[in-house]
Amino acid sequence: MDSSDSKDANEFEANAQGNRVSLLREFWDFLKHNKKWWLLPILIVVLLLGLIVFLASTPAAPFIYPLF
């Protein structure tokens, strides 16, 4: 193993031990840096549909069904 491989391994270990970023924070950084703002409405719709599916399995279901 040469010095560049050991340097890469040390850098990998240092990154693995560092603070973890939440999924939402990582996604927000992705949107901000890559200018992919068109993904935001898609994400909001998917989250709202997930919320409706979740509420459909709770006692709130009779109040959700008239929406459709």
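Trainee: Where is K35 found?
Mentor: In the loop between helix 2 and helix 3. Keep in mind that this is a predicted model.

Trainee: Is K35 buried or exposed?
Mentor: Exposed, because its relative accessible area is 59% and the cut-off for exposed is over 50%.

Trainee: What about the phi of K35?
Mentor: Positive, near 55°, and K35 is not a glycine. Most residues other than glycine have a negative phi. K35 follows helix 2.

Trainee: Switching to helix 2. What should its 12 residues span?
Mentor: At 1.5 Å a residue, residues 23–34 should span 16 Å. The end C-alpha atoms are 16 Å apart, so the two values agree.

Trainee: And how do helix 2 and helix 3 cross?
Mentor: At roughly 150°, with the axes coming within 11 Å. Angles over 145 degrees count as roughly antiparallel, so helix 2 is roughly antiparallel to helix 3.

Trainee: Which residues make that contact?
Mentor: F27, F30 and L31 from helix 2, and L39, L40 and L43 from helix 3.

Trainee: What classes are those?
Mentor: Six nonpolar residues, no polar and no charged.

Trainee: New topic, confidence. What is the average pLDDT?
Mentor: The protein averages 79, and 90% of the residues score at least 70.

Methods: Residues numbered from 1 in each chain as written. Predicted model: local features only at pLDDT ≥ 70, side-chain atom pairs only at ≥ 80, totals over all residues. Heavy atoms only, no water. Helix = DSSP H or I, 4+ residues; strand = E, 2+ residues; numbered from the N terminus. Expected span 1.5 Å × (residues − 1). pLDDT = per-residue confidence, 0-100. Axes fitted to C-alpha atoms, helices over the stretch in contact; angles between N-to-C directions. Parallel < 35°, antiparallel > 145°, perpendicular 65-115°, else oblique. Contact = heavy atoms within 4.5 Å. Nonpolar A, V, L, I, M, F, W, Y, C, P; charged D, E, K, R; others polar. Buried < 20%, exposed > 50% of the residue type's maximum accessible area, 1.4 Å probe, protein only.
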